[in-house]
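Let's take a walk through this structure together. Have the sequence handy, and find each residue as we come to it.

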Amino acid sequence: MTLAPEHGRNMHMRYPPIDGFWTWDIKRDRIYGDANLSDYFGLTLDEFSHGAPLERCMESIDQDDRTRVRLAIRKAVERRSGFREVYRVRSEKMGLRKILAVGQCYVDGVGEAALYPGWFIDLTNNAACEEQALREIHNHVGQAKDIARSIGHDLMSYLLDNIEEEVEQRLDGRLGRRRSS
């Protein structure tokens with residue numbers, strides 16, 4: 001097996017600790033995974049030990065994300081490229097979780113998509129952490145803006161005001177509401 005050529009530039013990124021792994025045998029339509037994958041996708045470890053069909057795993061993806069994820073998987077296999085998607089999965093054991101799934105296509109000797117190993121991380125708690133971080137940024141930027149005004153740095157105050165507004169928009173977006181004009 002060889003790594004399929006990646007279209008575009010490879011970006012090396014740091015990720016938090018990995019929560020689970022899988023290997024998808026594309027030709028046989030079987031996904032093999034670890035116990036964590038089993039917990040998150042609501043399949044038994046035995047199913048993943050013997051290989052579960054992709055469709056069985058798709059059932060655990062939140063209905064609102066499923067079409068987008070199907071399309072991303074199809075494109076990744078057609079292009080023999082990497083896969084990186086954030087979506088929600090639901091299982092009895094884990095409940096509703098937001099994950100980042102990352103995989104890479106490997107091709108066989110004739111260049112056909114054959115294996116797709118990958119991993120995922122749970123982002124569910126990161127969403128709450130991001131909101132708290134945005135609130136802290138908002139507080140600090142507001143204080144910096146007040147200091148800039150008090151010492152007569154109008155341009156700096158103006159720039160900080162724009163930053164404060166950007167943070168507010170991101171907070172409002174995260175909380176599902178929009179500022180009124």
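Start with D65, and skip over its neighbours within four places in sequence: what remains in contact with D65 is Y87 and R88. Keep in mind that this is a predicted model. D65 sits in helix α4, which covers residues 63–79. Is D65 buried or exposed? With a relative accessible area of 8%, D65 counts as buried, because anything under 20% falls in that class. The D65 side chain also reaches the backbone nitrogen of R88, at 2.8 Å.

Now for the nonpolar interior. In soluble globular proteins, nonpolar side chains tend to be buried together. Here the largest nonpolar core has 29 residues, and W24, F41, F83 and Y87 touch the most other members. Several elements supply at least two residues each, including β2 (20–25), α1 (35–41), β4 (82–91) and β7 (113–122). The largest share comes from α4, with five residues.

L155, in helix α6 (residues 154–174), has a relative accessible area of 60%, so L155 counts as exposed. Together with Y158 and L159, L155 makes a nonpolar surface patch of about 350 Å².

Next, look at the charged side chains. How many salt bridges are there? The count comes to 17. One of them joins E47 and R56, at 3.0 Å from N to O. Both partners are partly exposed: E47 has a relative accessible area of 24%, and R56 has 29%.

Another salt bridge pairs K145 with E164, whose closest N and O atoms are 2.4 Å apart. This pair links distant parts of the chain, with K145 in helix α5 (residues 124–150) and E164 in helix α6, 19 residues apart. Both are buried, K145 at 8% relative accessible area and E164 at 11%.

R170 and E166 form a salt bridge too, with their closest N and O atoms 2.9 Å apart. Why are these two about one helical turn from each other? They are four residues apart in helix α6, so about one helical turn separates them. E166 is partly exposed, at 36% relative accessibility.

Finally, back to where we began. D65 belongs to a network of salt bridges with shared partners, which joins D62, D65, R68, E85, R88 and R90.

Key
Residues are numbered from 1 along each chain as its sequence is written. This is a predicted model: local features need pLDDT of at least 70, side-chain atom pairs count only at pLDDT 80 or more; totals for chains, interfaces and linings use all residues. Side-chain values use heavy atoms; hydrogens and water are left out. Buried means under 20% relative accessible area, exposed over 50%, partly exposed in between (1.4 Å probe, protein chains only). A polar contact is a pair of N or O atoms within 3.5 Å; within protein, one must be able to donate a hydrogen and the other to accept it, and residues adjacent in sequence count only if both atoms are side-chain atoms. Contact means heavy atoms within 4.5 Å. A nonpolar core is a set of buried Ala, Val, Leu, Ile, Met, Phe, Trp, Tyr and Cys residues joined through side-chain atoms within 4.5 Å. Patches are made of residues with over 30% relative accessible area and no salt bridge: like charges are joined within 9 Å, nonpolar side chains (Val, Leu, Ile, Met, Phe, Trp, Tyr) within 5 Å. Accessible areas come from the Shrake-Rupley method with a 1.4 Å probe; for residues, only the protein chains shown count as cover. A salt bridge is a side-chain nitrogen of Lys or Arg within 4 Å of a carboxyl oxygen of Asp or Glu.
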